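Visitor: Could you take me through this model, one topic at a time?

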Number of protein chains: 2
Amino acid sequence: MPDQRTVFFVSDRTGITAEALGNSLLSQFDGFSFRRVTLPFVDSAEAVDRVLAQIAEAGKSGRRPIVISSIVDESLSSRIRSCDALVLDFFHTFLLPLEQELGVKSAHAAGRSHGLRDPREYFSRIEAINFTLAHDDGQSVKELSRAQVILIGVSRCGKTPTSLYLGLQCGIRCANFPLTPDDFERDQLPDSVKPHRDRLFGLTIDPERLSAIRQERRPDSRYASLSQCRMEVEAAEQLMRRERIPFLNTSTRSIEEMATTVLRDLKLERHIF
Amino acid sequence: MPDQRTVFFVSDRTGITAEALGNSLLSQFDGFSFRRVTLPFVDSAEAVDRVLAQIAEAGKSGRRPIVISSIVDESLSSRIRSCDALVLDFFHTFLLPLEQELGVKSAHAAGRSHGLRDPREYFSRIEAINFTLAHDDGQSVKELSRAQVILIGVSRCGKTPTSLYLGLQCGIRCANFPLTPDDFERDQLPDSVKPHRDRLFGLTIDPERLSAIRQERRPDSRYASLSQCRMEVEAAEQLMRRERIPFLNTSTRSIEEMATTVLRDLKLERHIF
């Protein structure tokens, strides 16, 4: 029977960083089953009281709970650290060495991350999202010159999720444009993207996987057939190779890995939100 | 003159967690200007060599660099820790106490986070993204019963970014539906969302801010006028209050805060990617 532990992600704001950090730590332990509880917006003594009660309740099973905390306020976080659990407190752990290194005290103010700090930053993020949505799947070629990235590839190879990630999470204006059988017949890049070669990045995919994905959309169509998928993928890769467009196979990569590689290769700075 | 420091985010995978963690730590220090350098995919001895050279180069300015590292492999990360910089190594720091608590050694394997672990997880994420896109701005009412959240609110109040965040980053099938002057005239919720009251969540916004946002879209239109915005916001809030739909003002909240609050209030579990 696996050892069941309750893991609390506790934060004075959204808890997103605590949860990402915690999940990546927990993924290093096989054979355990973790019950995850996210407790965001813990920013008052009363909220801490409620959290401590929940932790104590979970501890009654006999298994000590695990707490991943990202509360900035020291008087609140020290109460969390005093409970009967393994508490990994990332502000407490890392702020002290940073304070020593920089020779100053930190602000110890909550809400600096994932809050609304700079309205201009917010507007430029919203603009990146709107741009990305308006330029999904070649919908608009207007203002393509304002795109920071233009993803190209055959239909259903993963352009949309990667574009949305770049827009929403990295603040990048990303267009995406399909490569279609028409383009392969002409054996040329689509005319609308030709003037923007330096910002083109290709995505490709294993034909088997593409066929399975298209099958969900249009079952038993020619579009979804393995032979059609093979033909399109081969033609797209040939075209991108000849035109020296860098490309990436999406079959074995997560959305985050694709976005990170695109930005690195095009030397674009991301702003992680 | 502000103290300029170079901060390296070093990771064997995407570096997204390291960067989020690092940014939230750095945001606690005012008056410093940090030059940020992201170095993802540092997963070999050669890659570590290149990183160490970059860190040494940055150190020549006289200011010791800061390194936020999330490299899992101990032989690689120990070399990073030995360099002349303040190194905050989050796996090294937190894995040991977790190993002691759980009584086992961790897998120390890279790529468990933001990699492609479980194909089913990937497909359900893609499905959430596709659902959310297809149900943006009331575009489709098909399968609205499959939505886990339906956001409602006046045009341009922030429904789309919040929906996309829920789909892309939390794997939640989120539809959104505009409340329009027609609805206010009828003084009723739109018919298509009525059967799904338990999953409705409202967004509202300050009229001044709404007017500024609409002004960007359609300058000097009636749609963007402050009087029209005031009327719509007031009518929408009145309707939501009467129908007991929980709602949130987006004017002072980040996308992450809105998404986190919606999930908490509707008691939905998120899966942070």
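Visitor: How many Å apart do the C-alpha centres of domain 1 and domain 2 of chain A lie?

Guide: This is a predicted model, in which local features need pLDDT of at least 70, side-chain atom pairs count only at pLDDT 80 or more, and totals for chains, interfaces and linings use all residues. Residues are numbered from 1 along each chain as its sequence is written, while chains are lettered from A and ligands numbered from 1 in the order in which they are written. The domain assignment of chain A, with bounds from an automatic or database source, gives domain 1 (3-102) and domain 2 (119-265). The separation of their C-alpha centres is 39 Å.

Visitor: Which side of the contact between the chains is described by class, and how many of its residues are charged?

Guide: Counting two residues as in contact if their C-beta atoms, placed from the backbone, lie within 7 Å, 53 residues of chain B touch 53 residues of chain A. On the side of chain B, taking Ala, Val, Leu, Ile, Met, Phe, Trp, Tyr, Cys and Pro as nonpolar, Asp, Glu, Lys and Arg as charged, and the others, Gly among them, as polar, there are 28 nonpolar and 16 polar residues, and the charged ones number nine.

Visitor: Is Ser124(B) buried or partly exposed?

Guide: Ser124(B) lies in helix H5 of chain B, helices being DSSP runs (H or I, at least four residues) numbered from the N terminus. A residue is buried with 20 or more other C-beta atoms, placed from the backbone, within 10 Å of its own, exposed with 12 or fewer, and partly exposed in between. Because Ser124(B) has 14 such atoms within 10 Å, this residue is partly exposed.

Conventions: Helix = DSSP H or I, 4+ residues; strand = E, 2+ residues; numbered from the N terminus.
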